[in-house]
Amino acid sequence: SDAEAQGIEKGDIIIKVNGTDARQNADISAVKAELEIGDTIDFTVWRDGKTFDVSVELMDGAEISDG
């Protein structure tokens, strides 16, 4: 997926999505529900005591599965 391509790794903690606090998966899902394939989501990610920002393009599930 584009998230992996942009550097998000297993174990990373997403703390903000499009500038809004993300305390649970439902917070991310709510933002995604308002967007379309090809739109971009901005994540603030926490890893090893540091934060960084990542922009991820939403992809069709079929694109992810096919490679």
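Tutor: In the hairpin of β3 and β4, 2 residues lie between the strands, and Asp-48 takes a positive phi near 55 degrees. Strands here are DSSP runs of E of at least two residues, and helices are runs of H or I of at least four, both numbered from the N terminus. The model is predicted, so local features need pLDDT of at least 70 and side-chain atom pairs count only at pLDDT 80 or more, while totals for chains, interfaces and linings use all residues. Residues are numbered from 1 along each chain as its sequence is written, and side-chain values use heavy atoms, with hydrogens and water left out.

Strand β3 (residues 40–47) pairs with β4 in the antiparallel sense over 8 bridges; two strands count as paired if DSSP finds at least two bridges between them. Among the partners, Phe-43 is bridged to Val-54 in β4, and Thr-40 to Glu-57 in β4.

Gly-38 touches Glu-57 and Leu-58, not counting residues up to four places away in sequence; contact means heavy atoms within 4.5 Å. The C-alpha atoms of Gly-38 and Glu-57 are separated by 5.7 Å, although the two are 19 residues apart along the chain. Gly-38 is partly exposed, with a relative accessible area of 37%; buried means under 20%, exposed over 50%, and partly exposed in between (1.4 Å probe, protein chains only).

Trp-46 is found in strand β3 and is partly exposed, with a relative accessible area of 37%. Ile-13, Ile-15 and Trp-46 form a nonpolar patch on the surface, with about 240 Å² of accessible area together. Patch residues have over 30% relative accessible area and no salt bridge, and nonpolar side chains (Val, Leu, Ile, Met, Phe, Trp, Tyr) are joined within 5 Å, like charges within 9 Å. A salt bridge is a side-chain nitrogen of Lys or Arg within 4 Å of a carboxyl oxygen of Asp or Glu. Areas come from the Shrake-Rupley method with a 1.4 Å probe; for residues, only the protein chains shown count as cover.
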